Amino acid sequence: MNRIVSSPKPDDASQITDKKLAFVSSDTDEAKHARETLAAQYGEVPIADADIIVALGGDGLMLETLYAQMGTNKPIYGMNRGSVGFLMNEYREDGLRERLAKADTTAIYPLEMTATDDNGAEHSALAINEVSLLRQTSQAARLKISVDGRVRLEELICDGIIVATPAGSTAYNLSAHGPILPITAQLLALTPISAFRPRRWRGALLPDWAAVDIEILDPEKRPVSASADHREIRRVTKVSVRESTEKEGRIMFDDDHGWDERILTEMFRY
């Protein structure tokens, strides 16, 4: 199954110009002012009644909005009014409906994380960028890695490990020296964080349908936390990660600077 699918643009721009818009913003003065300005200029409706949601802020706001609208089929068009804007378009007040008419819409399928804590309780969360496991103390984590029910690493001693989507491959995954994945790649990146043993292991590329199971060895002495993007579970004993086959989010990018172009730009940065 394709994780990411680009939708064709409408043949007639009127299909967009008649759409009802809702605006959301981060809490900064700059973002709130932009929301007031655009809402007054283009009109707005409540989110429940909107055809398109315009998000004004940074990547954090975009992720929050994608989570909130997962499965609603409402596309989200972001404009950067924050410090980081990889998921956002350039902010301009004029020509918004014309930009929406020309924009590419991309469907994304998040990762589903199921984490079991040291009390035996199960926690579920979605991740658009990555699921990451991190040591909680000065003691390195000891992890057993299985893929599709087969043990691939009996023991990985490290600071942690990341399972990243193509959308998240330029985020934490890249900082941990993981590979940048083309946005249409049907792959997941499995990237260790500061691997100590086996020291030369640099991770793996997995098909997007793969199920990754991670068991924490010696969890009492070497506690580990698990995070699905910004949702953190402390003192986990095992974590399962797989791509959702049911949840879907939709994000819009200007046609002259789409997500695939952003990924390629990151690949050639130095």
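## Basis of the description

The model is predicted, with local features needing pLDDT of at least 70 and side-chain atom pairs counting only at pLDDT 80 or more, while totals for chains, interfaces and linings use all residues. Residues are numbered from 1 along each chain as its sequence is written, and side-chain values use heavy atoms, with hydrogens and water left out.

Strand β6 spans residues 111-117 and is mostly covered, five of its seven residues being buried (under 20% relative accessible area, with exposed over 50% and partly exposed in between, for a 1.4 Å probe and protein chains only). Strands here are DSSP runs of E with at least two residues, and helices are runs of H or I with at least four, numbered from the N terminus.

Two strands pair if DSSP finds at least two bridges between them. Strand β7 (residues 122-127) runs antiparallel to β6 and is joined to β6 by six bridges, with T114 standing opposite S124 of β7. Four residues lie between the strands of this hairpin, in which G120 takes a positive phi near 90 degrees. β6 also pairs with strand β17 (residues 236-243), in the antiparallel sense and over seven bridges; within β17, R242 is the bridge partner of E112.

## Residue S225

S225 belongs to strand β15 (residues 224-228) and is buried, its relative accessible area being 4%. The side chains of S225 and E232 are joined by a polar contact of 3.2 Å (a pair of N or O atoms within 3.5 Å; within protein, one must be able to donate a hydrogen and the other to accept it, and residues adjacent in sequence count only if both atoms are side-chain atoms).

Once neighbours within four places in sequence are left aside, the residues in contact with S225 (heavy atoms within 4.5 Å) include S132, L133, L134 and Q136, as well as I233, R234, R235 and V236.

## Helix α3 and the second largest pocket

The buried residues of α3 are D59, L61, M62, L63, T65 and L66, and these pack against β2 (21-25), β3 (52-57), β4 (76-80), β5 (104-108) and β18 (249-253). Helix α3 (residues 59-68) also gives the largest share of the lining of the second largest pocket, namely three residues.

That lining consists of 15 residues, of which D59, L63, L87, N129 and A171 lie nearest the centre of the pocket.

Notes. On a 1 Å grid over the protein atoms alone, a cavity is a set of points where a 1.4 Å probe fits but cannot get out, and a pocket is an open set with protein on both sides within 12 Å along at least five of seven lines; lining residues have an atom within 4 Å of a point.
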